[in-house]
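Let's take a slow walk through a protein and the molecule it holds. Have a look at the picture first, then read on.

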Amino acid sequence: MVLSNTRTSSFSENTVEGRIFGGNDQLPKTLAKKLGKKIIYNRPLQRLDHDSKGVTLSIKENQRLVKISAKKCVLAIPATILKDIEISPGFSPEKTNCINNQQYGHAMKIAMQYGKRFWDDKNSIGQRVFTDTPLRRVYHFSIDQPGPKGILLSFTSGEDAIKLGRLDNNRRLEAARRACTNIWAQTANFWEKGIVKYWNEDPWVKASYSFAGVGQKGFRETLAKPEGSVYFAGEHTAIQRASMNGAIESGLRAAEEIKKTAT
Ligand SMILES: Cc1cc2nc3c(=O)[nH]c(=O)nc-3n(C[C@H](O)[C@H](O)[C@H](O)COP(=O)(O)OP(=O)(O)OC[C@H]3O[C@@H](n4cnc5c(N)ncnc54)[C@H](O)[C@@H]3O)c2cc1C
């Protein structure tokens with residue numbers, strides 16, 4: 001079954017509100033530019049030692065551990081990663097339980113480039129469809145870019161993402177191409193290439209975003225609570241969890257908490 005909720009997708013008609021033109025990555029990149037060399041990349045935290053006086057972070061740099069000391073730190077790492085980091089002394093039992101058990105979703109996006117925007121053709125079902133194929137929702141993703149080529153994006157999640165996640169990338173793309181042919185019969189004529197991103201296999205997040213699982217009422221508040229010199233941020237600690245604004249909200253909250261201890 002396929003449901004379509006919009007038909008048109010021409011370049012000029014779709015200056016859509018609520019999007020950052022040119023891509024959302026411009027948001028963190030702009031923030032990063034202001035911080036300059038204060039940000040160090042590709043140095044995963046491996047161990048955290050902490051007491052009331054401060055913290056020592058052991059980070060992996062070129063296969064060796066380097067220590068950084070500070071009076072306080074904010075951990076904005078997803079719980080999926082945090083649970084494997086050595087913490088000494090361990091956090092409170094309540095916090096540790098939430099870190100170990102916080103539920104996260106599965107999400108995969110498959111971008112498919114076609115030589116023609118056939119979804120705009122007169123008798124087409126349209127360019128934003130909701131299906132019971134493994135692709136779930138599929139929509140025109142190059143809507144802000146001029147044609148004639150175009151990109152369809154599948155944003156699939158839950159069981160369907162898990163099932164596709166068991167396949168290698170070629171087979172994921174093959175499954176996506178097949179599913180698209182069931183939605184728009186002419187897709188096979190215009191296929192060019194595709195790319196897959198499965199967040200649950202990304203070593204820096206190992207999940208999509210958090211959700212309150214059964215029995216997890218109050219997890220968010222516990223995950224957000226400071227422990228001595230260590231503060232916590234990230235969407236999993238935010239009221240508006242699973243969103244970019246939630247991540248920002250949590251950063252502002254952690255900054256306020258630190259500011260209060262400084263006065
Ligand atoms: C498929 C998908 C679609 C989404 N769509 C939307 C949307 O339309 N709108 C919206 O608002 N939100 C959306 N979100 C949610 C949004 O992207 C997240 O909620 C937000 O990015 C989370 O920010 P964060 O800072 O908590 O976590 P992240 O952005 O994951 O940041 C965590 C950071 O920790 C770092 N890290 C990991 N391990 C270590 C380590 N060992 N040492 C040091 N650093 C480490 C990572 O590199 C990363 O920089 C979507 C998410 C997904 C996955």
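## Around the ligand and beyond

Let's begin where the ligand sits: strand 8 (107-114) and helix 8 (244-262) each supply at least two residues of the shell around it. Helices (H or I, at least four residues) and strands (E, at least two) are DSSP runs, numbered from the N terminus. Before going further, keep in mind that this is a predicted model, where local features need pLDDT of at least 70 and side-chain atom pairs count only at pLDDT 80 or more, while totals for chains, interfaces and linings use all residues. Residues are numbered from 1 along each chain as its sequence is written, and side-chain values use heavy atoms, with hydrogens and water left out.

So who sits around the ligand? There are 21 residues, and the closest are Leu 45, Trp 204, Glu 235, Ser 243 and Met 244. Sorted by class, the shell has 15 nonpolar, four polar and two charged residues. In that sorting, Ala, Val, Leu, Ile, Met, Phe, Trp, Tyr, Cys and Pro count as nonpolar, Asp, Glu, Lys and Arg as charged, and the others, Gly among them, as polar.

Now look at the polar contacts, meaning pairs of N or O atoms within 3.5 Å (within protein, one must be able to donate a hydrogen and the other to accept it, and residues adjacent in sequence count only if both atoms are side-chain atoms). A polar backbone atom of Glu 235 is 2.7 Å from an oxygen atom of the ligand. For Met 244, a backbone N or O atom lies 2.8 Å from a ligand oxygen, and for Ser 243 the distance from a backbone N or O atom to a ligand oxygen is 3.1 Å. How much of the ligand does the protein bury? Taken alone the ligand exposes 1,000 Å², and the protein buries 65% of that. Accessible areas like this come from the Shrake-Rupley method with a 1.4 Å probe; for residues, only the protein chains shown count as cover.

You'll find Glu 235 in the loop between strand 14 (230-232) and helix 8. Is Glu 235 buried or exposed? It counts as buried, because its relative accessibility is 15%. The cut-offs are under 20% relative accessible area for buried, over 50% for exposed, and partly exposed in between (1.4 Å probe, protein chains only). A polar atom of the Glu 235 side chain lies 2.8 Å from the backbone nitrogen of Ala 242. Contact means heavy atoms within 4.5 Å, and leaving aside neighbours within four places in sequence, the contacts of Glu 235 include Tyr 104, Tyr 209 and Ser 210. Glu 235 and Ser 210 are 25 residues apart in sequence, yet their C-alpha atoms are 7.4 Å apart in space.

Time to zoom out. The domain assignment gives domain 1 (39-104 + 214-262) and domain 2 (106-201); such bounds come from an automatic or database domain assignment. The C-alpha centres of the two domains lie 36 Å apart, and the shell around the ligand draws at least three residues from each of them. Overall, the protein has eight helices and 14 strands, and its C-alpha trace spans about 70 × 40 × 35 Å along the principal axes. Of its 263 residues, 39% are buried.

Next, visit Thr 156 in strand 11 (residues 150-157). Thr 156 counts as buried because its relative accessibility is 0%. The Thr 156 side chain reaches the backbone oxygen of Pro 134 at 2.7 Å.

Most residues other than glycine have a negative phi, and most peptide bonds are trans. Ser 88 and Pro 89, however, are joined by a cis peptide bond with omega about -10°, and the bond from Gly 147 to Pro 148 is also cis, with omega near 10°. Asn 62 is not a glycine but has a positive phi of about 50°, and Gln 63 has a positive phi near 70°. Asn 62 is found in the loop between strand 3 and strand 4 (64-70), and Gln 63 has its place in the loop between strand 3 and strand 4 too. Asn 62 counts as exposed because its relative accessibility is 70%; Gln 63, at 69%, counts as exposed as well.

Technical notes: Near = heavy atom within 4 Å.
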